[in-house]
Amino acid sequence: MVRAAVLPAVNAPLTITEIDLPEPGPGQVRIRLAAAGVCHSDLSLSNGTLRQPAPAVLGHEGAGTVTAVGPDVTSVAPGDRVVLNWAPSCGDCHFCGLAEPWLCVNSGLAANAPYATTADGTELYPGLGTAAFAEETVVPARAALPLPDGVPLADAALLGCAVLTGWGAVHHSARVRAGESVAVFGVGGVGLATIQAARIAGAAAIVAVDVSPAKEELARAAGATDFVTAGEDTARQIRKLTGGVGTDAAVECVGRADTIRTAWSATRRGGRTTVVGIGGQEQQVTFSALELFYFGRTLSGCVYGNSDPARDLPVIAGHVRSGALDLSQLVTDRIGLDGIPAAFDAMLAGKGGRSLVVF
C-alpha cells in the first residue's frame with residue numbers, strides 16, 4: 001500500500017489515503033516518486049475543464065527512481081532515475097510519422113485504464129497516465145525518461161511539464177532569436193520556465209505580465225527585464241516598452257480568451273503569438289479578417305512545448321548543469337501530499353510559482 005491524493009469525483013475534494021498499487025506488468029515500470037509538481041492542468045482535471053475518468057490519482061509532473069520493471073522492458077532498470085512523461089508518443093501514428101510526437105493520438109491511452117485500487121477495491125485511474133500525486137506509481141515504460149546526470153532528482157520533476165513546455169514554447173514554437181523581444185503572460189511555473197528559456201535564447205527584452213504585482217520579484221529573478229501588471233491597457237504598455245511596435249514574440253501561459261487576445265495585440269506586426277495555456281471550450285477568441293491580413297502575425301497553439309522529450313531533456317539538463325537554468329527559481333512552496341488542496345487554492349488566487357510535493 002502507498003499513500004496517494006485521490007480525486008473521488010470531478011469537483012470533489014482530494015482525500016489522502018492508501019492505495020493498492022500492483023507490480024508492473026508487461027511493458028510497465030514501477031517508480032518511487034521523489035517529487036511532483038502541482039500544475040494548473042491538475043486543477044483543470046479536478047474541476048472538469050479537462051476530461052479525466054474518476055476516481056483518479058492526479059499529478060503528471062514528477063521524477064523518481066525505478067524500483068521494478070515488467071517483462072520486455074529494456075529502456076530502464078531498477079535504480080535508474082527517471083522523469084515522468086505524461087504524453088509518451090507511440091511512434092506509429094500519423095503524427096509520430098511526421099516527427100511531431102507532441103501530437104501523438106495515442107499518448108493519452110494510459111489515462112483511460114484503471115491502474116490501482118483503493119483499500120475497498122474501487123478501481124482508480126491515473127491522472128494523465130502518470131498518477132504522480134502518490135509515493136509510488138506504475139506507468140508504461142515509454143512514460144519513464146532517463147534523467148541525465150547532474151540534475152537534482154526532486155527538482156527534476158519540473159522538467160516533466162513546466163520546463164519542457166516553457167522551453168519548447170520559446171525554442172520550438174515562438175523560435176525566439178538572440179536580440180529579440182518577448183512578452184510572457186502568466187508568471188506561474190510554466191511562465192517562469194518560459195522567461196528563463198527566453199533569457200537563455202538571448203532575448204534582449206523580456207516583458208513579464210501577471211495580474212498580481214507580487215509576481216514581479218519572481219519574474220525579474222528568472223530574467224524578465226520589465227514587468228507589467230495586467231489590466232485594460234496591457235498591450236499599450238508593452239508596445240510603449242518596445243518602441244511602439246510590440247514584441248517580436250508573445251507567449252500566453254494562462255489559457256483565457258482575454259489574455260490570448262491581449263498577447264496577440266501586444267505582438268508586433270509580423271511577430272509570433274504562442275498559446276500555451278489551456279482554456280475551456282467557453283473561452284472564445286475573435287479576430288477580424290482585416291486585422292489578420294494587415295498585421296501578418298502568426299498565432300499558434302503549443303502542445304507540451306512542441307517538444308520531443310527524448311531529444312530536449314539532455315539539452316535542458318546541460319543548461320541546468322551549467323547554471324543557466326535554475327530549477328529552484330520555479331518553486332515557491334515545497335509541500336507534502338496534504339498540501340495539494342492549498343496549492344490548488346493558491347493557483348486559483350494567482351499566488352506564487354510552482355508548488356512541489358516532496359516525498
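Val331 stands opposite Arg354 in strand S18. The two strands concerned, S17 (residues 331-335) and S18, pair in the parallel sense over four bridges, where pairing requires that DSSP finds at least two bridges between the strands. Helices (H or I, at least four residues) and strands (E, at least two) are DSSP runs, numbered from the N terminus. The model is predicted: local features need pLDDT of at least 70, side-chain atom pairs count only at pLDDT 80 or more, and totals for chains, interfaces and linings use all residues. Residues are numbered from 1 along each chain as its sequence is written, and side-chain values use heavy atoms, with hydrogens and water left out.

S17, helix H11 (residues 340-348) and S18 make a right-handed β-α-β unit; right-handed means that, with the strands pointing away from the viewer, the path from the first strand over the helix to the second runs clockwise. S18 spans residues 354-358, and because four of its five residues are buried, the strand is largely enclosed by the rest of the structure. Buried means under 20% relative accessible area, exposed over 50%, and partly exposed in between (1.4 Å probe, protein chains only).

S18 also pairs with strand S3 (residues 28-38), in the antiparallel sense and over four bridges. Here Ala35 stands opposite Val358, and Ala36 has Val357 as its bridge partner in S18.

**Strand S3**

S3 is mostly covered, with nine of its 11 residues buried. Strand S5 (residues 61-69) pairs with S3 in the antiparallel sense over eight bridges, and Ile31 stands opposite Val66 in S5. Strand S9 (residues 136-140) also pairs with S3 in the antiparallel sense, over five bridges, and there Val138 is the bridge partner of Arg30.

| Strand pair | Sense | Bridges |
|---|---|---|
| S3 and S5 | antiparallel | eight bridges |
| S3 and S9 | antiparallel | five bridges |
| S3 and S18 | antiparallel | four bridges |
| S17 and S18 | parallel | four bridges |
| S14 and S15 | parallel | five bridges |

Gly37 is found in S3 and is buried, with a relative accessible area of 0%. Leaving aside neighbours within four places in sequence, Gly37 is in contact (heavy atoms within 4.5 Å) with Asp42, Glu61, Phe133, Ala157, Ser355 and Leu356. The C-alpha atoms of Gly37 and Cys161 are separated by 8.5 Å, while the two residues are 124 residues apart along the chain.

**Helix H1**

Helix H1 (residues 40-47) is mostly covered, six of its eight residues being buried. Those buried residues are Ser41, Asp42, Leu43, Ser44, Leu45 and Ser46. Their cover includes strand S1 (2-7), S3 and H11. Gly48 follows H1 and has a positive phi, near 90°.

**Helices H4 and H10**

The axes of helix H4 (residues 162-173) and helix H10 (residues 309-322) come within 11 Å and cross at roughly 95°. That makes H4 roughly perpendicular to H10. Angles under 35 degrees count as roughly parallel, over 145 as roughly antiparallel, 65 to 115 as roughly perpendicular and the rest as oblique. Axes are lines fitted to C-alpha atoms, for helices over the stretch in contact, and angles run from 0 to 180 degrees between N-to-C directions.

H4 contributes Val163, Leu164, Trp167 and His172 to the contact, and H10 contributes Pro309, Arg311, Asp312, Val315, Ile316 and His319. By class, the contact has six nonpolar, two polar and two charged residues. Ala, Val, Leu, Ile, Met, Phe, Trp, Tyr, Cys and Pro count as nonpolar, Asp, Glu, Lys and Arg as charged, and the others, Gly among them, as polar.

Thr165 is also in H4 and is buried, with a relative accessible area of 7%. Not counting residues up to four places away in sequence, Thr165 touches Val190, Val276, Tyr304 and Gly305.

**The six-stranded sheet**

Six strands form an open sheet in the order S13-S12-S11-S14-S15-S16, with parallel pairing. Strand S13 (226-229) and strand S16 (298-301) are the edge strands, each pairing on one side only. The twist averages 15° from one strand to the next.

Within this sheet, strand S14 (residues 247-252) and strand S15 (residues 267-275) run parallel and are joined by five bridges. Val251 stands opposite Thr274 in S15. Helix H8 (residues 257-266) lies across strand S11 (181-185), S14, S15 and S16, and runs at about 150° to S15.
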